[in-house]
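Work through the exercises below with the coordinates open. Each task is followed by a stepwise solution.

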Protein chains: 2
Amino acid sequence: MSKETNRQILLAARPEGAPKASDFELAETSVPAPGEGELVARTIYLSLDPYMRGRMSNMQSYAKPVEIGDVMPGGAVSQVVASNNPKFATGDILFGYSGWQDYALTNGKGFRKLDPARAPISTSLGILGMPGMTAYAGLKNIGEPKEGETLVVAAASGAVGSAVGQIGRIRGCRVVGVAGSAEKCEFVAEELGFDACISHRDPDFAGKLAAACPNGVDVYWENVGGKVFEAVLPLFNHFARVPVCGLIAQYNATALPEAPNKIPVLMRSVLSNRMRIQGFIVWDFADQEGEFQETMSGWVREGRVKYREDFVDGLENAPDAFMGLLEGKNFGKLVVRVSPDPTQ
Amino acid sequence: MSKETNRQILLAARPEGAPKASDFELAETSVPAPGEGELVARTIYLSLDPYMRGRMSNMQSYAKPVEIGDVMPGGAVSQVVASNNPKFATGDILFGYSGWQDYALTNGKGFRKLDPARAPISTSLGILGMPGMTAYAGLKNIGEPKEGETLVVAAASGAVGSAVGQIGRIRGCRVVGVAGSAEKCEFVAEELGFDACISHRDPDFAGKLAAACPNGVDVYWENVGGKVFEAVLPLFNHFARVPVCGLIAQYNATALPEAPNKIPVLMRSVLSNRMRIQGFIVWDFADQEGEFQETMSGWVREGRVKYREDFVDGLENAPDAFMGLLEGKNFGKLVVRVSPDPTQ
């Protein structure tokens, strides 16, 4: 990588179904120079997250879609290489939504400095960043887990799910994970300390999930949708809560399942169990960021919450890694190493 | 009706699909005599409500099913004809769950005295009773309507829906009803003052509903399920709330609709709109009964909330009337006149 080149990954086309390589374009421009009040930062770590699939489509959602030809959006850890902004100095390590590119030009709005002495800087993309905050705030405000309840967590080895389940354990719940392979399930149960973990690829997935939840399900953390949701549906207890955080199994779908329409089953469960199903995004709880940082960094320091990162090297490999993420090929928080970590 | 005979309507068989006459049995026994601490009350008005369909089935729900051979359950207004209970005197007018029968024997638990001077005693089955309280508490605690929002109310001419919509108007909402005929819609719009009302039997129901909600839907009061829910689904705004009170269109269903499985559409809306869908029953808010009685009776006195009762004469006609209720044949709160109202 030459200092004179800024590689950017652009949205080349809106995906039909699963994104493919041709939906992305690697462009090269020159490294920008900061104007008045601006700074330029070199990307160190780029976060890849399922929500980005939604941004690639031209559908109504909580965020505006990316335009064709725009740099793909994303949170990243970066280092200031030139600054005309008095709040940021050359060498500062930042977190901000600087996108899929080697260098970002910004006025600094929305960027914050990281303290490398506090935690590995990559964790600001995972357990101490948006995914960890999503888990913390969504579980606290919508899941409302109580001691002795059963919490089922979809995508349990992922960045959000792994945190949700560990917080549930701290709150005294029986925690049952759902993940995409025996290897992931072993990690979830053995390393993260979930009470059980079932692979959704198991031929008897629904039966094993039911057996792992002998007292029914009080909280279901929805990250996935599709068959995982439908396997949990018969298990809900009275007053069950379903924080809807993501629906990764649906993001690439181009048609509805040709099956009986199960909305009546779902609504009957909502009514007869007096359930609550509630969607949210992490920004809905932005005022709890300070509480989250303090609590979660304490848990991580004490070893009560563990995290796993899945590093991919090279910005040019971000599209492939992202396509794999949507198929569950990652194992832990997916992070692209774009340039060397100067704190290591 | 002889004083010596107590007619009772029993559950004869669990319905398959829509209840039919043979699912009920009219039995005659003698009028009971009160034992120590007991009283006997003659039924004046019997309430018929959609929830009773659920009690006839042997499915898991919030209430235990009725057993075959049991008297059909239901709230009623009655008058004490004999009492060995110091809290109740002969002649007292009561409300209680005394069931589908001429006379009820009870120890008085769960019964309360009505003051005929306060309001017509039949209203304790409707606007000042369980349906009114359902509307009041469900809308306040789950619907949370705000001034300027759009509230869509299913089964808008019914006992609950008519109250929900009028409360919504008092709260400053644009209120759009859905009802089952042009005549009902005219009543809802003209008499009850909803901003609009659409018949779900209109061939262009979904289109007309969308046109009546130019600013989308913030609160949808779910009484019905099925196609009404699916017509509202594309209209939800961010942070929409759906109190799930009933699903009358589903109660008689024996199979799921053979259509694409639309759970993914629903869950996508929940996520991208950060919606909340929540089931409840009126007893969840029992502590708000006093507040409800005070507020609602004030609104009724001031003419701000109107109600319509649909009277059917004769206990023997209760099964037919109930079967009609499940098909939307009633028009207003369905009440069976079992014996003459002594307050009129």
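A nonpolar core is a set of buried Ala, Val, Leu, Ile, Met, Phe, Trp, Tyr and Cys residues joined through C-beta atoms within 7 Å. Note that this is a predicted model.

**Exercise 1. The core**

Task: Find which members of the largest nonpolar core touch the most other members.

Solution:
- Step 1. The largest nonpolar core has 140 residues.
- Step 2. Within this core, A:Val152 and B:Val152 touch the most other members.
- Step 3. Take B:Val152 and set aside neighbours within four places in sequence; its contacts are then B:Val176, B:Val178, B:Cys213, B:Val217, B:Tyr220, B:Trp221 and B:Val232.

**Exercise 2. A helix and its cover**

Task: List the buried residues of helix 4 of chain B, and say what covers them.

Solution:
- Step 1. Helix 4 of chain B spans residues 182-191.
- Step 2. Its buried residues are B:Lys184, B:Cys185, B:Phe187, B:Val188 and B:Ala189.
- Step 3. Their cover includes strand 9 (174-179) and strand 10 (196-199) of chain B.
- Step 4. Look past the helix: B:Gly193 follows, with a positive phi near 80°.

**Exercise 3. The interface**

Task: Describe the side of chain B that touches chain A, then the strand pairing between the chains.

Solution:
- Step 1. Chain B puts 35 residues in contact with 35 residues of chain A.
- Step 2. Helix 7 (263-272) and strand 13 (276-279) of chain B each supply at least two residues of this side.
- Step 3. Helix 7 of chain B gives the largest share, nine residues.
- Step 4. By class, the side has 20 nonpolar, nine polar and six charged residues.
- Step 5. Strand 13 of chain A and strand 13 of chain B run antiparallel, joined by three bridges.
- Step 6. A:Gln278 has B:Arg276 as its bridge partner.

Conventions:
Residues numbered from 1 in each chain as written. Chains lettered and ligands numbered in written order. Predicted model: local features only at pLDDT ≥ 70, side-chain atom pairs only at ≥ 80, totals over all residues. Contact = placed C-beta atoms within 7 Å. Helix = DSSP H or I, 4+ residues; strand = E, 2+ residues; numbered from the N terminus. Nonpolar A, V, L, I, M, F, W, Y, C, P; charged D, E, K, R; others polar. Pairing = 2+ DSSP bridges. Buried ≥ 20, exposed ≤ 12 C-beta atoms within 10 Å, placed from the backbone.
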